[in-house]
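Trainee: I would like to learn how to read the packing of helices in a model. Could you take me through it slowly, one feature at a time?

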Amino acid sequence: MDYPVLLFALLALEIATRAVLEIRERRVTQLRGGVLALLRLIPLLNDIVPLPESRREVPEDRFVEEHEKAHRELKHGILRNLLKVILLCLAVGFLLFLVVRLGLPWWQSVLWLHLVAIPFKLFFHWSCWGQEFEADNYAYKKLGKKMAKDAMRELVAREIPYTPLFALFYREHPTAALRSQRLLNR
């Protein structure tokens with residue numbers, strides 16, 4: 001099998017997909033992407049460049065305190081780290097398979113790993129989103145609808161308004177608008 005040809009075709013498809021996602025995001029949100037938008041198009045670099053989440057720091061209020069308390073009580077940090085370790089072990093195993101079994105050069109192996117990791121990264125973000133929704137629900141039950149509504153309004157005002165699809169690709173937290181909608185519209 002001609003691995004380099006397939007590899008470069010998949011990398012080109014990834015770049016095109018990310019470009020479409022960036023253009024869609026810019027049109028929907030009417031925000032400028034800047035240098036970060038270009039960096040997110042480059043394979044491997046888009047795994048390293050962080051996406052800014054807030055315009056301003058979110059103040060510590062009772063809702064945030066209860067939200068963070070929920071993360072501690074529900075052991076979300078341990079669960080996230082356990083999932084990271086499992087995914088890291090899978091990545092190392094796949095990398096070793098590519099280098100040792102298939103005899104691919106290291107640079108090709110790293111690029112293959114990057115491509116194969118994309119669905120796992122989406123799964124990781126999706127699982128983190130579930131934990132965020134769970135922590136929001138915990139704080140909502142403790143403090144009531146009025147405080148939750150005020151906290152969500154403040155969070156929406158301070159957050160950079162990404163679309164849910166874009167956020168799923170680049171963030172471990174769901175958008176504030178999505179969190180607010182899910183929490184308050186029951």
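Trainee: Which helix does H67 lie in?

Mentor: In this model, which is predicted, H67 lies in helix α4.

Trainee: Is H67 buried or exposed?

Mentor: H67 has a relative accessible area of 5%, and because buried means under 20%, H67 counts as buried. Leaving aside neighbours within four places in sequence, H67 is in contact with E132, A135, D136, A139 and R179.

Trainee: How are two packed helices described?

Mentor: One gives the angle between their axes together with the distance between those axes. Here α4, residues 62-73, packs with α6, residues 106-143, at an angle of about 125°, and their axes are 8 Å apart. That angle makes α4 oblique to α6, and the crossing of the two helices is right-handed.

Trainee: Which residues make the contact?

Mentor: On the α4 side they include F63, E66, H67 and A70, while on the α6 side they include E132, A135, D136 and A139. The residues of this contact divide into 7 nonpolar, 3 polar and 7 charged.

Trainee: Which residues make up the largest nonpolar core?

Mentor: That core has 11 residues in all, among them F63, A139, Y140, L143, M152 and L183. Helices α6, α7 and α9 each supply at least two residues of this core, and the largest share, 4 residues, comes from α7. If we leave aside neighbours within four places in sequence, L183 is in contact with F63, D136, N137, Y140, A148 and M152. A second, separate core of 7 residues includes L11, L98, L104 and L115.

How values were computed:
Residues are numbered from 1 along each chain as its sequence is written. This is a predicted model: local features need pLDDT of at least 70, side-chain atom pairs count only at pLDDT 80 or more; totals for chains, interfaces and linings use all residues. Side-chain values use heavy atoms; hydrogens and water are left out. Axes are lines fitted to C-alpha atoms, for helices over the stretch in contact, and angles run from 0 to 180 degrees between N-to-C directions. Angles under 35 degrees count as roughly parallel, over 145 as roughly antiparallel, 65 to 115 as roughly perpendicular and the rest as oblique. A crossing is left-handed if the near helix is turned anticlockwise from the far one by less than a right angle, and right-handed if clockwise. Contact means heavy atoms within 4.5 Å. Ala, Val, Leu, Ile, Met, Phe, Trp, Tyr, Cys and Pro count as nonpolar, Asp, Glu, Lys and Arg as charged, and the others, Gly among them, as polar. Buried means under 20% relative accessible area, exposed over 50%, partly exposed in between (1.4 Å probe, protein chains only). A nonpolar core is a set of buried Ala, Val, Leu, Ile, Met, Phe, Trp, Tyr and Cys residues joined through side-chain atoms within 4.5 Å.
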